[in-house]
Number of protein chains: 4
Amino acid sequence: MELPSYDPDVAALMQASDDNQTGIPGYLGIRTVDVGPGTMTAELAVRPELLNPFGSAHGGTLAALVDHTLGAVLYPVIPRGAWAATTEFKLNFLAPVREGVLRARSEIISLTKRTAVVRVDVSNGERLVGVAQGTVTISAPKGEASAT
Amino acid sequence: MELPSYDPDVAALMQASDDNQTGIPGYLGIRTVDVGPGTMTAELAVRPELLNPFGSAHGGTLAALVDHTLGAVLYPVIPRGAWAATTEFKLNFLAPVREGVLRARSEIISLTKRTAVVRVDVSNGERLVGVAQGTVTISAPKGEASAT
Amino acid sequence: MELPSYDPDVAALMQASDDNQTGIPGYLGIRTVDVGPGTMTAELAVRPELLNPFGSAHGGTLAALVDHTLGAVLYPVIPRGAWAATTEFKLNFLAPVREGVLRARSEIISLTKRTAVVRVDVSNGERLVGVAQGTVTISAPKGEASAT
Amino acid sequence: MELPSYDPDVAALMQASDDNQTGIPGYLGIRTVDVGPGTMTAELAVRPELLNPFGSAHGGTLAALVDHTLGAVLYPVIPRGAWAATTEFKLNFLAPVREGVLRARSEIISLTKRTAVVRVDVSNGERLVGVAQGTVTISAPKGEASAT
């Protein structure tokens, strides 16, 4: 789809700031692999600690990676200072994940000033293991009329 | 809804095993507060480490808690040794979460031998902050015909 | 949940205007059974014409009834002239529908000036046959700042 | 994705049987435009009768078209006599539809013996107006072990 603008400096900044992540993205060790105009790829290593007693990665691992890439893909295409918050998403788990790398690619499907719809494909090696679709709400930078 | 059976011993075991959780549930410190026939309540403390740079809990925190309670609510009502795996869910975020306790209550809405539909309400203090709905696939215990 | 206002005249008008419905609601013969503050119940008769070759109601019948009640429940609680448009929903089908009445009850779970999250339960006689959850975007009346 | 088999005769039969459709697909005049291995395209004309009082197509129109293409795309790739039933889907509405043709393209993302995950893109002329993602449950032909 056509995007109103794309700020490669923001994209570069996202990749540079992986080491400063807090909370779940930090715990999971999510790395930004690629950021393009309307797309983003991030991944994490499925270390043994992330497995449940059945030997599969907890569903929350995949869900957190999806949530992260759903919102973050917006930053290079919205005004600096604006805030992208996931307001809803739906996720289908396609196959269990036991090892290797979990890689999510998100793509903006639709974009207005206030809202975006984004799809995410999550793969584990060659295998597609999850697909998601969700909505991101964009809040204007402080000082401008709020979008909330 | 009417449930085919309910095993209170499994319910008790779930509450007793919180300290042995691995992966995201362990990292988040999810505690099983209550397990009943077809319902379950779990919670986690929103410690500062879980906040993003905007001061809100990462969406993945809520998503992981939802995923956990969606599947776990099944264990007391399915045969011992059977496996409940979330196959899909949808989640709406209603309000940002900044502190306090995040509490999720899941409820089985529909149950067959192979599949269940579950709803989850997530609250933060008095405020409802997330609602979810999803499907859990039930796999028969080893030695019986697999449901996969 | 607490609602900012409730206009019983709008609610009464909704029930009175069932005979003037166009498109799918008219074709399906959707009747508004009850409208309250934040809730709405509508139903349709499952006439033989609505069944597929397998003898079940087409899924689109249930989906259309869900879509209708997701948005319409907003009208008595938003300003006159405002417009409520479903922007997304998720629907689980729980059981096939073969005859009788399909009844949907929607309930507003969360409401701000611009957006609402609504849940819908669909039953067929005593049986729950579908559950849904979705988002409605509220546009301000003409002449005021648009919410789009 | 790789499919276990594809039956072009079933695909041809689907296109030939549009005139015999019952219920909502018949009312909407859904036409099967193309059926391939794992994909399907269907469309309907947005005639004035399908518009709501605001001049847009009822959401149920798009939802019914999505439901139809989600399940029907399975028939050429499952055994003859098997039954494909949508068990859940999620739909985002991206833009209002006022005239012209509504076209849905569905694609199988994941397929096992019992279940498929399918995505649908709905366009109106050049514009993408809806995206969906859902699960289809496959029931074995009569005489074989049922998948339900």
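In this predicted model, 10 bridges join strand S5 (residues 115-124) of chain A to strand S6 (residues 127-139) of chain A, and the two strands run antiparallel; helices (H or I, at least four residues) and strands (E, at least two) are DSSP runs numbered from the N terminus, and two strands pair if DSSP finds at least two bridges between them. Local features need pLDDT of at least 70 and side-chain atom pairs count only at pLDDT 80 or more, while totals for chains, interfaces and linings use all residues, and side-chain values use heavy atoms, with hydrogens and water left out. Residues are numbered from 1 along each chain as its sequence is written, and chains are lettered from A, with ligands numbered from 1, in the order in which they are written.

**The sheet of chains A and B**

- An open sheet of 12 strands has the order S1(A)-S2(A)-S4(A)-S5(A)-S6(A)-S3(A)-S3(B)-S6(B)-S5(B)-S4(B)-S2(B)-S1(B), and its pairing is antiparallel.
- The edge strands, each of which pairs on one side only, are strand S1 (31-36) of chain A and strand S1 (31-36) of chain B, and neighbouring strands of this sheet are turned by 20° against each other on average, with direction ignored.
- Where the two chains meet in the sheet, 5 bridges join strand S3 (residues 83-93) of chain A to S3(B), the two running antiparallel, and Asn92(A) has Glu88(B) as its bridge partner in S3(B).

**Helices on this sheet**

- Helix H3 (residues 59-72) of chain A lies across strand S2 (39-45), S3, strand S4 (101-111), S5 and S6 of chain A together with S3 of chain B, and runs at about 140° to S3(A); contact means heavy atoms within 4.5 Å, and axes are lines fitted to C-alpha atoms, for helices over the stretch in contact, with angles running from 0 to 180 degrees between N-to-C directions.
- Helix H1 (residues 8-16) of chain B packs on the sheet by touching S1 and strand S2 (39-45) of chain B, and its direction makes about 170° with that of S1(B).

**The interface between chains B and A**

- On the two sides, 30 residues of chain B are in contact with 30 residues of chain A.
- Chain B and chain A bury about 2,300 Å² between them, of which 63% is on carbon and sulfur atoms, where buried area is the accessible area (1.4 Å probe) that two parts lose on being put together, summed over both.
- In chain B, Ile24(B), Trp83(B) and Phe93(B) lose the most area to chain A, together 22% of what that side buries.
- There are 16 residue pairs in polar contact between chain B and chain A, both residues being at pLDDT 80 or more; a polar contact is a pair of N or O atoms within 3.5 Å, where within protein one must be able to donate a hydrogen and the other to accept it, and residues adjacent in sequence count only if both atoms are side-chain atoms.
- The elements of chain B that give two or more residues to the side touching chain A are helix H2 (23-28), helix H3 (59-72) and strand S3 (83-93), and the largest share, 9 residues, comes from S3(B).

**Salt bridges**

- The structure holds 36 salt bridges over all chains, a salt bridge being a side-chain nitrogen of Lys or Arg within 4 Å of a carboxyl oxygen of Asp or Glu.
- Asp7(B) and Arg80(B) meet through their side chains in a salt bridge (2.9 Å, N to O); Asp7(B) lies in the segment before H1 of chain B and Arg80(B) in the loop between H3 and S3 of chain B, so the pair ties together parts that are 73 residues apart in sequence.
- Between chain B and chain A the count is 2 salt bridges, and Lys90(B) forms a salt bridge with Glu88(A), with the closest N and O atoms 2.6 Å apart.
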